[in-house]
Amino acid sequence: MTLDKVSRGDIIEIVSIEDKDIRAQAIRLCIYEGSKLKCSEKLPAGPIILQNRLQEVAISRKLAEHIIIEKVS
Amino acid sequence: MENTITKKDLKHLVLVGNPNVGKSVFFNSLTGMYVDVSNFPGTTVDISTGRYGDYIVEDTPGIYGVSSFNDEERVARDVIINGDLVLNVIDAVHMQRDIFLTQQLIDMGKKVIVAVNLIDEATKKGIKVDTEALSGQLGVEVVATSALKGIGMNEIKQKIANAGVGIKTEGVQELLNNYDLNEITEAEALMLLEDDEVLSERKGLPTAGKREEIYKNRRQRVDRILESVLSDSYNGTSLGTTIGRLLLKPITGIPMLLAIMAGMFWFIGVFVAQTVVDFTEGTVMEGYYKPFIESILGFIPKNSFIGSLLIGDYGLLTMTVIYILGLLLPLTIGFYMLMSILEDSGFLPRIAVLSDKTLSKVGLNGRAIIPLILGFGCITMATMTTRLLGSRRERVIATFLLGLTIPCSAQFGVIIGLLTPLGMKYIIAYTALLILIFGISGVLMNKILPGESTQLFIDLPQIRMPQFKNVMKKTFVKAKAFLIEATPIFALGAVLITVLQYTGLLGTIENAISPLTVQWLKLPEQASVVFIMGIIRRDFGAAGLSHMVLTSPQMLVALITITLFVPCVASIIMIFKERSKAEATAIWLGSFAIAFLVGGVLAQLIV
């Protein structure tokens, strides 16, 4: 499934990120293929917040549509 | 004399770190000089330079990696490449993110020393960092510090000379050896390997297409290192974390956002724009400065060309100076102070997240909230800030919406004064119309303009108490930078207007638009003078309306038209400076046309 389908509180694993530049920027912020993260917040029709320990990253909804994930729990 | 060593012998010590890791405190401690701090990725780039012993210390903007993704990175990359030693400041709370940059600096072949800062905050959160093990794994000196409390600062200073080349990511050295390292440095070679287009062009060498591979290996190495270095019993319930959470939930975040906006509105709109400006512009400038300058230059006839240029109604020494020092200076300081507090506290990125959905409808992303907020202060200042937006398309949209729909604070005060007596119905109508026009023109621009806007992808820093000293220093550096850039623009605007007035062209333009004013907008003939005045200073225009006898619907038409109408002459010049000629002309004429179109339609309906 894609990241925009995630629910708040889900633990997910990143499968692939479509955009090359976003992929490079994401890996610096600990978001990369295989990393496990928590969706700590999801704004109605707005950005999705992914959390890894104390690190939080906001990703726009449109961008999230192009990130493939797998739900872990 | 202290300068027995020539500048050539001095080594360049470069401070590098992610945004908001406390790098500025290191810079101040080393050099005793000022540095600009910012935690929002994308503010105007500033580089500070100072001296520490035999070193020239250079500060770089906060970055997440060395590359060319934005201005900050491009600037930092060049400073790092030219530096001799790197002091890398990392956040003990965000090691996973920050060590990635550390490892990249090591892969660049730079001599590095690492300060694991905010170590006290990490300890409080239950995070333990084994600095010795980290030093062993990275192959460079590592010191635990808490710069604000002065912990570890002496140790860092003693060890700077020990900064050394560390252990590179697996495979990187082999790739670097493919280059002629007598021709280019390892740092430059790594940038080519990591597909940096700017460097490729500069060196006339191709990029290697290895970014993905190197980044992956680096990330794996960093995660592996941290497993043996980091132990935490993190529970995640500090006050900062809780506030950060609440800000991002619409049900709590939107009321908090509205409260922040109301606070800002009071501070700027009431305190700065009225109390402070009444004093600076009214008492000081109009009361003392103007009579003073007029008496000194009294020998120049006021109606001569030189006279009107210098001390006339729009004179360089009268209106321009009074406007800049009496009005603009306090407003700019007020606005930058608020923005600095929002940035340093970590609120600003969260406001960007909350507004992302709405702004994406007009082809912008959440980051555009920064120029839009600044627009309520001064359109000229806000137009300059559109530089931080991710694409040219977004900069055009934001510039247009700013010029068209956002009333600047100078104008805002006068408009509120004229609108309030008309009653709630008119206040709502005015606000609703502006929001509607903002929405419609934004959506249309988003549809018409080719290309794609960039998407929001930002790091959310911890909510922290802003440091008073940092906020003040940053405010003054930014206000100064703006005034230095804007003063010639305001002066040029004043000269332009004086020439138009002196040659009688101003009157000709007024006459030319008066049929439009009378028949189409259904306003008295003098209103055309008011519109022209609005170009000189938006608040002059609005203030001119108070001397006219207008019915309530006429007043609404006039206020809407003057708000939408071209921004002031200084912001027009700034628009021409920032955008291409064609774009700027389109923005200028577009807001002209929309102002008269909307005002006219409204007049035909309600007057």
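In chain A, Leu50(A) stands opposite Val57(A) in strand E4(A). The model is a predicted one. The two strands involved, E3(A) and E4(A), run antiparallel and are joined by five bridges. They form a hairpin with two residues between the strands, in which Arg53(A) takes a positive phi near 55°.

Elsewhere in chain A, strand E1 (residues 11–17) pairs with E5(A) in the antiparallel sense over five bridges. Within this pair, Ile17(A) stands opposite Ile67(A) in E5(A).

Strand E4 (residues 55–59) of chain A pairs with a strand of the other chain, E10(B), in the antiparallel sense over four bridges. In this pairing Ala58(A) stands opposite Ile458(B). Strands of a sheet pair through backbone hydrogen bonds, either parallel or antiparallel.

| Strand pair | Sense | Bridges | Residues opposite each other |
|---|---|---|---|
| E1(A) and E5(A) | antiparallel | five | Ile17(A) and Ile67(A) |
| E3(A) and E4(A) | antiparallel | five | Leu50(A) and Val57(A) |
| E4(A) and E10(B) | antiparallel | four | Ala58(A) and Ile458(B) |

**Which strands make up the sheet, and in what order?** The sheet is open and has six strands in the order E5(A)-E1(A)-E2(A)-E3(A)-E4(A)-E10(B), with antiparallel pairing. Its edge strands are E5 (67–71) of chain A and E10 of chain B, each of which pairs on one side only. On average, neighbouring strands of the sheet are turned by 40° against each other, direction ignored.

According to an unreviewed UniProt entry, residues 1–71 of chain A are annotated as "domain: Ferrous iron transporter FeoA-like". Over this stretch the chain is 18% helix and 41% strand, with the end C-alpha atoms 8 Å apart.

**The contact between the chains**

In total, 27 residues of chain B are in contact with 27 residues of chain A. On the chain B side, the elements that give two or more residues are helix H3 (95–107), helix H10 (211–229), helix H15 (347–360) and strand E10 (457–460). By class, this side has 13 nonpolar, seven polar and seven charged residues.

**Helices of chain B**

Helix H22 (residues 505–520) of chain B has 16 residues and reaches 23 Å from its first C-alpha to its last, close to the 22 Å expected at 1.5 Å a residue. H22(B) has a kink of about 35° at Ile513(B), shortly before the proline Pro515(B). Just after H22(B), Lys522(B) takes a positive phi of about 55°.

The unreviewed UniProt entry gives the annotation "transmembrane region" to several stretches of chain B, including residues 321–342 and 396–420. Over residues 321–342 of chain B the chain is 100% helix and 0% strand, and the end C-alpha atoms are 30 Å apart. For residues 396–420 of chain B the values are 84% helix and 0% strand, with the end C-alpha atoms 33 Å apart.

Terms used:
Residues are numbered from 1 along each chain as its sequence is written. Chains are lettered from A and ligands numbered from 1 in the order in which they are written. This is a predicted model: local features need pLDDT of at least 70, side-chain atom pairs count only at pLDDT 80 or more; totals for chains, interfaces and linings use all residues. Two residues are in contact if their C-beta atoms, placed from the backbone, lie within 7 Å. Ala, Val, Leu, Ile, Met, Phe, Trp, Tyr, Cys and Pro count as nonpolar, Asp, Glu, Lys and Arg as charged, and the others, Gly among them, as polar. Two strands pair if DSSP finds at least two bridges between them. Axes are lines fitted to C-alpha atoms, for helices over the stretch in contact, and angles run from 0 to 180 degrees between N-to-C directions. The expected span of a helix is 1.5 Å times one less than its number of residues. The bend at a residue is the angle between axes fitted to the seven residues ending there and the seven starting there. UniProt positions are given in the numbering used here, feature names are shortened, and annotations may be inferred rather than shown by experiment.
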